[in-house]
Amino acid sequence: MFENMSEQEARESILKQIEDYCKKYHNQKKYKAGDKISYASRVYDSQELVNLADSALDFWLTAGRYTEEFEHKMAQYLGIRYCSLVNSGSSANLLAFMALTSPLLGERQIRRGDEVITVAAGFPTTVAPIIQYGAVPVFVDVTIPQYNIDVTRLEKAVTDRTKAVMLAHTLGNPFDLKSVRDFCQKYNLWLVEDNCDALGSRYEIDGEWHFTGTVGDIGTSSFYPPHHMTMGEGGAVYTENPLLHKIIRSFRDWGRDCICPSGHDNLCGHRFDRQYGELPLGYDHKYVYSHFGYNLKATDMQAAVGCAQLEKMPEFARRRRQNFARLYNGLENLKDELILPRPCKGADPCWFGFLITCSEGMDRNHMVQRMEEKNIQTRMLFAGNLIKHPCFDEMRRLGQGYRVAGDLMNTDRIMRDSFWIGVYPGMTDEMIDYMIAVLQEVILK
(Lines give C-alpha, C1' and ligand atoms only; values in the text may rest on other atoms or scores of the structure.)
Protein backbone atom coordinates (compact mmCIF):
# COMPACT_ATOMS: atom_id res chain seq x y z
CA MET A 1 0.00 0.00 0.00
CA PHE A 2 3.05 2.27 0.33
CA GLU A 3 4.43 1.71 -3.19
CA ASN A 4 3.81 5.22 -4.49
CA MET A 5 4.35 7.04 -1.18
CA SER A 6 7.34 8.79 0.26
CA GLU A 7 8.40 7.72 3.73
CA GLN A 8 6.77 10.84 5.22
CA GLU A 9 3.51 10.18 3.34
CA ALA A 10 3.53 6.56 4.53
CA ARG A 11 4.09 7.68 8.12
CA GLU A 12 1.24 10.19 7.93
CA SER A 13 -1.04 7.49 6.52
CA ILE A 14 -0.20 5.12 9.37
CA LEU A 15 -0.69 7.79 12.02
CA LYS A 16 -4.04 8.84 10.53
CA GLN A 17 -5.25 5.23 10.68
CA ILE A 18 -4.13 4.97 14.31
CA GLU A 19 -5.99 8.18 15.13
CA ASP A 20 -9.15 6.79 13.50
CA TYR A 21 -8.70 3.45 15.27
CA CYS A 22 -8.45 5.14 18.65
CA LYS A 23 -11.50 7.28 18.06
CA LYS A 24 -13.53 4.22 17.09
CA TYR A 25 -12.34 1.63 19.62
CA HIS A 26 -10.90 3.45 22.65
CA ASN A 27 -12.81 5.29 25.39
CA GLN A 28 -16.12 3.89 24.21
CA LYS A 29 -17.36 2.47 27.51
CA LYS A 30 -19.84 4.76 29.25
CA TYR A 31 -20.49 4.61 32.97
CA LYS A 32 -23.69 2.91 34.08
CA ALA A 33 -25.04 2.95 37.62
CA GLY A 34 -23.42 0.14 39.58
CA ASP A 35 -20.29 -0.12 37.41
CA LYS A 36 -17.03 -0.32 39.32
CA ILE A 37 -15.58 3.10 40.15
CA SER A 38 -11.80 2.93 40.30
CA TYR A 39 -9.83 5.24 42.56
CA ALA A 40 -7.84 6.31 39.47
CA SER A 41 -7.53 5.62 35.77
CA ARG A 42 -5.78 6.77 32.61
CA VAL A 43 -7.43 9.64 30.76
CA TYR A 44 -6.28 10.02 27.16
CA ASP A 45 -7.37 10.42 23.55
CA SER A 46 -5.96 9.67 20.09
CA GLN A 47 -3.00 12.05 20.44
CA GLU A 48 -1.26 9.77 22.96
CA LEU A 49 -1.55 6.78 20.62
CA VAL A 50 -0.44 8.82 17.59
CA ASN A 51 2.62 10.10 19.47
CA LEU A 52 3.39 6.59 20.70
CA ALA A 53 3.24 5.16 17.18
CA ASP A 54 5.25 8.07 15.77
CA SER A 55 8.01 7.32 18.28
CA ALA A 56 7.82 3.59 17.57
CA LEU A 57 8.27 4.23 13.84
CA ASP A 58 11.54 6.03 14.64
CA PHE A 59 12.63 2.87 16.52
CA TRP A 60 14.87 5.05 18.68
CA LEU A 61 14.20 3.00 21.77
CA THR A 62 16.05 5.03 24.37
CA ALA A 63 15.77 8.76 25.15
CA GLY A 64 15.48 10.89 22.01
CA ARG A 65 13.57 13.76 20.46
CA TYR A 66 10.38 13.26 22.47
CA THR A 67 12.42 13.12 25.68
CA GLU A 68 14.03 16.46 24.88
CA GLU A 69 10.63 17.93 24.04
CA PHE A 70 9.06 16.64 27.24
CA GLU A 71 11.86 17.86 29.48
CA HIS A 72 11.68 21.32 27.92
CA LYS A 73 7.88 21.57 28.11
CA MET A 74 7.68 20.14 31.64
CA ALA A 75 10.21 22.71 32.87
CA GLN A 76 8.28 25.41 31.04
CA TYR A 77 4.98 24.29 32.61
CA LEU A 78 6.47 24.37 36.11
CA GLY A 79 8.38 27.61 35.53
CA ILE A 80 11.71 26.04 36.45
CA ARG A 81 15.05 25.78 34.63
CA TYR A 82 15.87 22.08 34.54
CA CYS A 83 13.91 18.85 34.21
CA SER A 84 15.23 15.28 33.82
CA LEU A 85 12.94 12.48 32.66
CA VAL A 86 13.36 9.13 34.45
CA ASN A 87 11.70 5.72 34.42
CA SER A 88 9.50 6.10 37.54
CA GLY A 89 8.58 8.35 40.43
CA SER A 90 10.47 6.03 42.77
CA SER A 91 13.58 6.48 40.62
CA ALA A 92 12.96 10.23 40.73
CA ASN A 93 13.06 10.13 44.54
CA LEU A 94 16.18 7.98 44.44
CA LEU A 95 17.91 10.46 42.14
CA ALA A 96 16.77 13.47 44.15
CA PHE A 97 18.23 12.05 47.35
CA MET A 98 21.39 10.59 45.82
CA ALA A 99 22.18 13.94 44.19
CA LEU A 100 22.57 15.34 47.70
CA THR A 101 25.23 12.73 48.51
CA SER A 102 27.56 14.00 45.77
CA PRO A 103 31.08 15.06 46.84
CA LEU A 104 30.62 18.03 44.50
CA LEU A 105 28.44 19.61 47.22
CA GLY A 106 31.33 19.97 49.67
CA GLU A 107 30.27 20.52 53.28
CA ARG A 108 26.59 20.19 52.36
CA GLN A 109 27.08 16.64 51.05
CA ILE A 110 24.89 14.11 52.88
CA ARG A 111 27.05 11.36 54.34
CA ARG A 112 26.17 8.04 55.94
CA GLY A 113 24.84 8.64 59.42
CA ASP A 114 23.49 12.10 58.62
CA GLU A 115 19.81 12.73 59.36
CA VAL A 116 16.90 13.58 57.07
CA ILE A 117 13.59 14.81 58.49
CA THR A 118 10.52 13.16 56.96
CA VAL A 119 7.18 11.54 57.90
CA ALA A 120 6.04 7.93 58.28
CA ALA A 121 2.51 8.60 56.97
CA GLY A 122 3.17 8.21 53.27
CA PHE A 123 4.63 6.13 50.45
CA PRO A 124 7.76 4.08 51.19
CA THR A 125 9.90 5.30 48.29
CA THR A 126 10.07 8.78 49.82
CA VAL A 127 12.03 7.18 52.66
CA ALA A 128 13.70 4.17 51.04
CA PRO A 129 16.63 6.05 49.42
CA ILE A 130 17.58 7.57 52.79
CA ILE A 131 17.78 4.16 54.45
CA GLN A 132 19.40 2.40 51.50
CA TYR A 133 22.21 4.95 51.44
CA GLY A 134 22.83 4.68 55.18
CA ALA A 135 21.46 8.03 56.30
CA VAL A 136 18.95 8.21 59.16
CA PRO A 137 15.30 9.17 58.60
CA VAL A 138 13.85 11.20 61.46
CA PHE A 139 10.09 10.76 61.58
CA VAL A 140 7.78 13.60 62.62
CA ASP A 141 4.03 13.36 63.17
CA VAL A 142 1.44 14.88 60.82
CA THR A 143 -1.72 16.90 61.28
CA ILE A 144 -5.30 15.86 60.62
CA PRO A 145 -7.12 16.83 58.37
CA GLN A 146 -4.22 18.17 56.27
CA TYR A 147 -2.26 14.88 56.56
CA ASN A 148 1.07 16.67 56.17
CA ILE A 149 4.00 17.28 58.50
CA ASP A 150 3.25 19.08 61.78
CA VAL A 151 5.60 22.04 61.33
CA THR A 152 5.43 22.90 65.05
CA ARG A 153 7.56 19.79 65.68
CA LEU A 154 10.40 20.60 63.30
CA GLU A 155 12.56 22.35 65.90
CA LYS A 156 12.52 19.27 68.14
CA ALA A 157 13.57 17.05 65.22
CA VAL A 158 16.69 18.96 64.15
CA THR A 159 20.18 18.08 65.42
CA ASP A 160 23.71 18.90 64.34
CA ARG A 161 23.54 15.81 62.05
CA THR A 162 20.47 17.04 60.14
CA LYS A 163 21.22 17.73 56.48
CA ALA A 164 17.85 17.72 54.68
CA VAL A 165 14.06 17.58 54.79
CA MET A 166 12.39 15.22 52.31
CA LEU A 167 8.58 15.27 52.27
CA ALA A 168 5.65 14.45 50.01
CA HIS A 169 2.62 16.66 49.39
CA THR A 170 -0.02 14.21 50.60
CA LEU A 171 -2.59 13.25 47.94
CA GLY A 172 -2.08 16.60 46.20
CA ASN A 173 -2.48 18.66 49.37
CA PRO A 174 0.64 20.86 49.80
CA PHE A 175 2.43 20.80 53.12
CA ASP A 176 3.13 24.17 54.76
CA LEU A 177 5.82 25.12 52.26
CA LYS A 178 6.58 28.53 53.69
CA SER A 179 7.23 27.20 57.19
CA VAL A 180 9.28 24.26 55.95
CA ARG A 181 11.26 26.42 53.52
CA ASP A 182 12.00 28.97 56.25
CA PHE A 183 13.09 26.18 58.60
CA CYS A 184 15.44 24.77 55.96
CA GLN A 185 16.93 28.19 55.28
CA LYS A 186 17.45 28.77 59.02
CA TYR A 187 19.51 25.57 59.40
CA ASN A 188 21.00 25.46 55.88
CA LEU A 189 19.18 22.23 55.02
CA TRP A 190 18.29 20.80 51.62
CA LEU A 191 14.56 20.58 50.84
CA VAL A 192 13.30 17.81 48.55
CA GLU A 193 9.63 18.00 47.55
CA ASP A 194 8.17 14.63 46.63
CA ASN A 195 5.58 16.03 44.22
CA CYS A 196 4.52 12.65 42.85
CA ASP A 197 0.92 13.03 44.07
CA ALA A 198 0.65 16.78 43.60
CA LEU A 199 1.53 17.87 40.06
CA GLY A 200 -0.47 21.04 39.37
CA SER A 201 -0.87 21.99 43.05
CA ARG A 202 0.16 25.51 44.00
CA TYR A 203 1.25 27.37 47.11
CA GLU A 204 1.28 31.11 47.79
CA ILE A 205 4.38 32.58 49.45
CA ASP A 206 4.68 36.33 50.02
CA GLY A 207 1.91 37.05 47.52
CA GLU A 208 3.39 34.89 44.73
CA TRP A 209 2.02 31.55 43.59
CA HIS A 210 4.44 28.65 43.04
CA PHE A 211 3.82 25.16 41.71
CA THR A 212 4.64 22.55 44.32
CA GLY A 213 7.93 20.89 43.54
CA THR A 214 9.57 24.19 42.62
CA VAL A 215 9.98 25.84 46.05
CA GLY A 216 12.52 23.38 47.43
CA ASP A 217 15.93 22.52 46.02
CA ILE A 218 14.63 19.49 44.10
CA GLY A 219 11.15 18.31 43.11
CA THR A 220 10.01 14.92 41.83
CA SER A 221 7.03 13.63 39.85
CA SER A 222 5.56 10.23 38.99
CA PHE A 223 3.76 9.36 35.77
CA TYR A 224 2.42 5.96 36.82
CA PRO A 225 -1.14 5.48 35.46
CA PRO A 226 -3.06 6.63 38.59
CA HIS A 227 -1.17 9.92 38.80
CA HIS A 228 -2.06 13.39 37.54
CA MET A 229 -0.71 12.49 34.10
CA THR A 230 0.78 9.26 32.83
CA MET A 231 3.38 7.65 30.59
CA GLY A 232 2.54 4.16 31.93
CA GLU A 233 5.81 4.18 33.84
CA GLY A 234 7.87 7.32 34.22
CA GLY A 235 8.92 10.16 36.46
CA ALA A 236 10.82 13.44 36.51
CA VAL A 237 13.32 15.30 38.69
CA TYR A 238 13.45 19.10 38.47
CA THR A 239 15.51 21.88 39.97
CA GLU A 240 16.52 25.50 39.55
CA ASN A 241 20.12 24.75 40.61
CA PRO A 242 22.58 24.09 37.72
CA LEU A 243 25.00 22.11 39.91
CA LEU A 244 22.23 19.87 41.23
CA HIS A 245 21.00 19.41 37.65
CA LYS A 246 24.46 18.29 36.55
CA ILE A 247 24.65 15.83 39.45
CA ILE A 248 21.13 14.50 38.78
CA ARG A 249 22.01 13.84 35.13
CA SER A 250 25.21 12.10 36.16
CA PHE A 251 23.47 9.75 38.61
CA ARG A 252 20.69 9.08 36.08
CA ASP A 253 23.13 8.28 33.26
CA TRP A 254 25.37 5.59 34.84
CA GLY A 255 27.26 8.11 37.01
CA ARG A 256 29.27 9.39 34.07
CA ASP A 257 30.97 12.76 34.06
CA CYS A 258 30.16 13.48 30.39
CA ILE A 259 26.99 15.47 29.69
CA CYS A 260 26.59 14.46 26.02
CA PRO A 261 23.09 13.06 25.42
CA SER A 262 22.67 9.60 23.94
CA GLY A 263 23.74 9.51 20.30
CA HIS A 264 25.97 12.61 20.56
CA ASP A 265 29.73 12.78 21.00
CA ASN A 266 32.14 15.50 22.08
CA LEU A 267 29.74 18.43 22.51
CA CYS A 268 32.27 20.09 24.83
CA GLY A 269 35.15 19.66 22.36
CA HIS A 270 37.39 18.14 25.06
CA ARG A 271 36.58 14.44 24.82
CA PHE A 272 40.23 13.32 24.58
CA ASP A 273 42.37 16.08 26.15
CA ARG A 274 41.57 16.18 29.90
CA GLN A 275 42.89 14.53 33.06
CA TYR A 276 40.37 12.79 35.36
CA GLY A 277 41.23 11.11 38.65
CA GLU A 278 44.17 8.80 38.12
CA LEU A 279 43.18 7.90 34.56
CA PRO A 280 45.64 8.42 31.69
CA LEU A 281 45.64 11.90 30.17
CA GLY A 282 43.10 12.05 27.36
CA TYR A 283 41.02 9.08 28.54
CA ASP A 284 37.69 9.10 26.65
CA HIS A 285 35.42 11.43 28.64
CA LYS A 286 32.33 9.41 27.68
CA TYR A 287 33.67 6.68 29.97
CA VAL A 288 34.71 8.77 32.94
CA TYR A 289 32.54 8.27 36.06
CA SER A 290 32.23 10.95 38.73
CA HIS A 291 29.50 9.12 40.73
CA PHE A 292 28.34 5.57 41.42
CA GLY A 293 25.23 5.98 39.32
CA TYR A 294 22.45 4.08 37.60
CA ASN A 295 20.65 3.86 34.29
CA LEU A 296 17.28 5.40 35.15
CA LYS A 297 16.34 6.89 31.78
CA ALA A 298 12.88 6.47 30.32
CA THR A 299 12.24 5.46 26.71
CA ASP A 300 11.28 7.91 24.00
CA MET A 301 7.97 6.08 23.60
CA GLN A 302 7.09 6.92 27.20
CA ALA A 303 8.11 10.52 26.61
CA ALA A 304 5.92 10.64 23.49
CA VAL A 305 2.86 9.74 25.57
CA GLY A 306 3.94 12.29 28.20
CA CYS A 307 4.11 15.11 25.64
CA ALA A 308 0.45 14.55 24.76
CA GLN A 309 -0.56 14.21 28.41
CA LEU A 310 1.23 17.40 29.45
CA GLU A 311 -0.94 19.43 27.10
CA LYS A 312 -3.98 18.17 29.03
CA MET A 313 -2.66 19.04 32.50
CA PRO A 314 -4.61 22.32 32.90
CA GLU A 315 -7.88 20.50 32.15
CA PHE A 316 -6.90 17.54 34.32
CA ALA A 317 -6.23 19.92 37.22
CA ARG A 318 -9.55 21.73 36.70
CA ARG A 319 -11.48 18.46 36.73
CA ARG A 320 -9.71 17.17 39.86
CA ARG A 321 -10.57 20.33 41.76
CA GLN A 322 -14.15 20.21 40.50
CA ASN A 323 -14.62 16.57 41.49
CA PHE A 324 -13.12 17.19 44.93
CA ALA A 325 -15.48 20.13 45.51
CA ARG A 326 -18.52 18.10 44.46
CA LEU A 327 -17.55 15.28 46.83
CA TYR A 328 -16.88 17.66 49.70
CA ASN A 329 -20.19 19.50 49.28
CA GLY A 330 -22.07 16.20 49.10
CA LEU A 331 -20.53 14.93 52.35
CA GLU A 332 -20.61 18.10 54.48
CA ASN A 333 -23.60 16.85 56.46
CA LEU A 334 -21.45 13.93 57.72
CA LYS A 335 -18.88 16.12 59.48
CA ASP A 336 -19.83 14.64 62.86
CA GLU A 337 -19.08 11.12 61.59
CA LEU A 338 -16.24 11.75 59.15
CA ILE A 339 -13.25 14.09 59.18
CA LEU A 340 -13.07 15.58 55.69
CA PRO A 341 -9.76 16.75 54.15
CA ARG A 342 -8.74 20.38 54.30
CA PRO A 343 -5.81 22.29 52.78
CA CYS A 344 -3.55 24.47 54.86
CA LYS A 345 -3.62 28.24 54.48
CA GLY A 346 -2.03 29.41 51.24
CA ALA A 347 -2.48 26.09 49.42
CA ASP A 348 -4.38 25.47 46.18
CA PRO A 349 -4.35 21.65 45.91
CA CYS A 350 -4.65 19.69 42.69
CA TRP A 351 -6.13 16.76 44.54
CA PHE A 352 -4.96 13.21 43.92
CA GLY A 353 -7.62 11.70 46.16
CA PHE A 354 -10.30 12.44 48.75
CA LEU A 355 -8.97 11.35 52.15
CA ILE A 356 -11.45 10.53 54.91
CA THR A 357 -10.81 9.77 58.58
CA CYS A 358 -13.50 8.00 60.57
CA SER A 359 -14.57 9.47 63.88
CA GLU A 360 -13.46 7.72 67.07
CA GLY A 361 -15.39 4.51 67.62
CA MET A 362 -16.23 3.93 63.94
CA ASP A 363 -14.97 0.82 62.17
CA ARG A 364 -12.90 1.87 59.14
CA ASN A 365 -12.61 -1.69 57.84
CA HIS A 366 -16.38 -2.21 57.92
CA MET A 367 -16.92 1.04 56.01
CA VAL A 368 -14.29 0.21 53.40
CA GLN A 369 -15.67 -3.30 52.87
CA ARG A 370 -19.20 -1.94 52.41
CA MET A 371 -17.96 0.52 49.80
CA GLU A 372 -15.99 -2.15 47.95
CA GLU A 373 -19.12 -4.32 47.93
CA LYS A 374 -20.85 -1.39 46.23
CA ASN A 375 -18.12 -1.32 43.54
CA ILE A 376 -16.30 1.74 44.87
CA GLN A 377 -12.56 1.20 44.98
CA THR A 378 -10.82 2.45 48.14
CA ARG A 379 -7.21 2.86 49.21
CA MET A 380 -5.34 3.35 52.47
CA LEU A 381 -3.00 6.33 52.88
CA PHE A 382 -0.24 4.09 51.52
CA ALA A 383 1.91 2.78 54.39
CA GLY A 384 -0.22 4.34 57.15
CA ASN A 385 2.71 4.25 59.56
CA LEU A 386 5.73 3.03 57.64
CA ILE A 387 7.76 2.02 60.69
CA LYS A 388 5.11 -0.57 61.63
CA HIS A 389 5.77 -2.54 58.41
CA PRO A 390 7.87 -5.71 58.07
CA CYS A 391 10.62 -3.80 56.25
CA PHE A 392 11.36 -2.10 59.61
CA ASP A 393 11.31 -5.33 61.67
CA GLU A 394 15.08 -5.62 61.94
CA MET A 395 15.61 -1.92 62.63
CA ARG A 396 12.94 -1.98 65.33
CA ARG A 397 14.54 -5.05 66.88
CA LEU A 398 18.00 -3.47 66.87
CA GLY A 399 16.73 -0.04 67.85
CA GLN A 400 18.77 1.71 65.17
CA GLY A 401 18.64 3.04 61.62
CA TYR A 402 15.89 5.60 62.22
CA ARG A 403 14.64 8.01 64.85
CA VAL A 404 11.22 9.31 65.91
CA ALA A 405 10.97 12.91 67.10
CA GLY A 406 8.18 12.95 69.69
CA ASP A 407 5.19 10.67 69.14
CA LEU A 408 3.35 9.60 65.98
CA MET A 409 -0.15 9.74 67.43
CA ASN A 410 -1.88 11.15 64.33
CA THR A 411 0.15 8.87 62.06
CA ASP A 412 -1.13 5.89 64.01
CA ARG A 413 -4.67 7.18 63.83
CA ILE A 414 -4.41 7.51 60.04
CA MET A 415 -3.13 3.93 59.90
CA ARG A 416 -6.18 2.83 61.90
CA ASP A 417 -9.01 5.12 60.76
CA SER A 418 -8.31 6.68 57.33
CA PHE A 419 -8.97 5.75 53.71
CA TRP A 420 -9.45 7.56 50.43
CA ILE A 421 -11.45 7.48 47.22
CA GLY A 422 -10.71 8.94 43.82
CA VAL A 423 -11.29 12.28 42.11
CA TYR A 424 -9.45 11.57 38.85
CA PRO A 425 -10.44 13.68 35.81
CA GLY A 426 -12.24 10.83 34.04
CA MET A 427 -14.87 10.70 36.78
CA THR A 428 -18.32 11.95 35.81
CA ASP A 429 -20.80 13.79 38.04
CA GLU A 430 -22.85 10.57 38.11
CA MET A 431 -19.90 8.64 39.52
CA ILE A 432 -19.23 11.28 42.15
CA ASP A 433 -22.90 11.39 43.16
CA TYR A 434 -23.00 7.60 43.45
CA MET A 435 -20.03 7.63 45.82
CA ILE A 436 -21.74 10.32 47.89
CA ALA A 437 -24.97 8.30 48.04
CA VAL A 438 -23.16 5.12 49.13
CA LEU A 439 -21.20 6.94 51.85
CA GLN A 440 -24.42 8.53 53.10
CA GLU A 441 -26.09 5.13 53.19
CA VAL A 442 -23.16 3.43 54.95
CA ILE A 443 -22.86 6.15 57.61
CA LEU A 444 -26.47 7.01 58.31
CA LYS A 445 -27.71 3.42 58.42
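How many Å should the 13 residues of helix α2 span, and how far apart are its end C-alpha atoms? At 1.5 Å a residue, α2 (residues 46–58) should span 18 Å, and its end C-alpha atoms are 19 Å apart, which agrees. The expected span is 1.5 Å times one less than the number of residues.

## About the model

This is a predicted model, in which local features need pLDDT of at least 70, side-chain atom pairs count only at pLDDT 80 or more, and totals for chains, interfaces and linings use all residues. Residues are numbered from 1 along each chain as its sequence is written, and side-chain values use heavy atoms, with hydrogens and water left out.

## Around helix α2

Helices here are DSSP runs of H or I with at least four residues, and strands are runs of E with at least two, numbered from the N terminus. Several residues of α2 are buried, among them Leu49, Val50 and Ala53; buried means under 20% relative accessible area, exposed over 50%, and partly exposed in between (1.4 Å probe, protein chains only). Just after α2, Phe59 takes a positive phi of about 55°.

## Aromatic pairs

Let's turn to the rings. The whole structure holds 16 aromatic pairs, counted when ring centres of Phe, Tyr or Trp (its six-membered ring) lie within 6.5 Å; planes under 30 degrees apart are stacked, over 60 edge-to-face and the rest tilted. Tyr21 and Tyr25 form a tilted pair, with centres 5.0 Å apart and planes at 45°. Tyr21 is partly exposed at 45% relative accessible area, while Tyr25 is exposed at 52%.

Phe352 and Trp420 are also tilted, with centres 5.4 Å apart and planes at 45°. Phe352 is buried at 3% relative accessibility, and Trp420 is buried at 1%.
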